[in-house]
Amino acid sequence: MARLLVTGPPLRRDAFVSLAYRADELPARNEWMSNAASTALGKHEFTSVVVFAMCVDRSDWPYSSLAVYSAEPERCQ
């Protein structure tokens, strides 16, 4: 399950996506994170997307993975 939070003015919109998964779904986690970011960047025209992935089976971790995706990757170098 993924949730989307949008911030910023229309010319510089950023999105935060939280993705919940179970421990046995770990092999698919990175693909789901990439798909969520691609959807946000493509359909909603965000400048950047931050994806937090949380394993619901691990309450001792606030999140298990974090990735930043940009519509303009050359500006991230």
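Begin by selecting E45, the residue that comes after α1 and has a positive phi, near 55°. The model on display is predicted.

Next, select α1 itself, residues 26-43.

Within α1, colour the buried residues R29, M33, A36, A37 and A40. Because these residues cover an arc of only 90° around the axis, they lie on the same side of α1. Now turn to the face directed away from that buried side: the exposed residues P27, E31, G42 and K43 are found there.

Proceed to the largest nonpolar core, a set of 14 residues. Select V17, M33, F46, V49, V51 and A53, which have the most contacts inside this core. The elements contributing two or more residues to the core are β2, α1 and β3 (48-55).

From this group, centre the view on A53. Leaving aside residues up to four places away in sequence, A53 touches L19, Y21, R29, M33, Y63, S64 and S65. Two of these contacts, R29 and M33, also belong to the buried residues of α1.

Finally, select D14 in strand β2, which comprises residues 14-21. Is D14 buried or exposed? Its relative accessibility is 16%, under the 20% limit, and D14 therefore counts as buried. Show the side chain of S48 as well: a polar contact of 2.9 Å joins it to the side chain of D14.

Conventions:
Residues are numbered from 1 along each chain as its sequence is written. This is a predicted model: local features need pLDDT of at least 70, side-chain atom pairs count only at pLDDT 80 or more; totals for chains, interfaces and linings use all residues. Side-chain values use heavy atoms; hydrogens and water are left out. Helices (H or I, at least four residues) and strands (E, at least two) are DSSP runs, numbered from the N terminus. Buried means under 20% relative accessible area, exposed over 50%, partly exposed in between (1.4 Å probe, protein chains only). A polar contact is a pair of N or O atoms within 3.5 Å; within protein, one must be able to donate a hydrogen and the other to accept it, and residues adjacent in sequence count only if both atoms are side-chain atoms. A nonpolar core is a set of buried Ala, Val, Leu, Ile, Met, Phe, Trp, Tyr and Cys residues joined through side-chain atoms within 4.5 Å. Contact means heavy atoms within 4.5 Å. The arc is that of the directions from the helix axis to the C-beta atoms.
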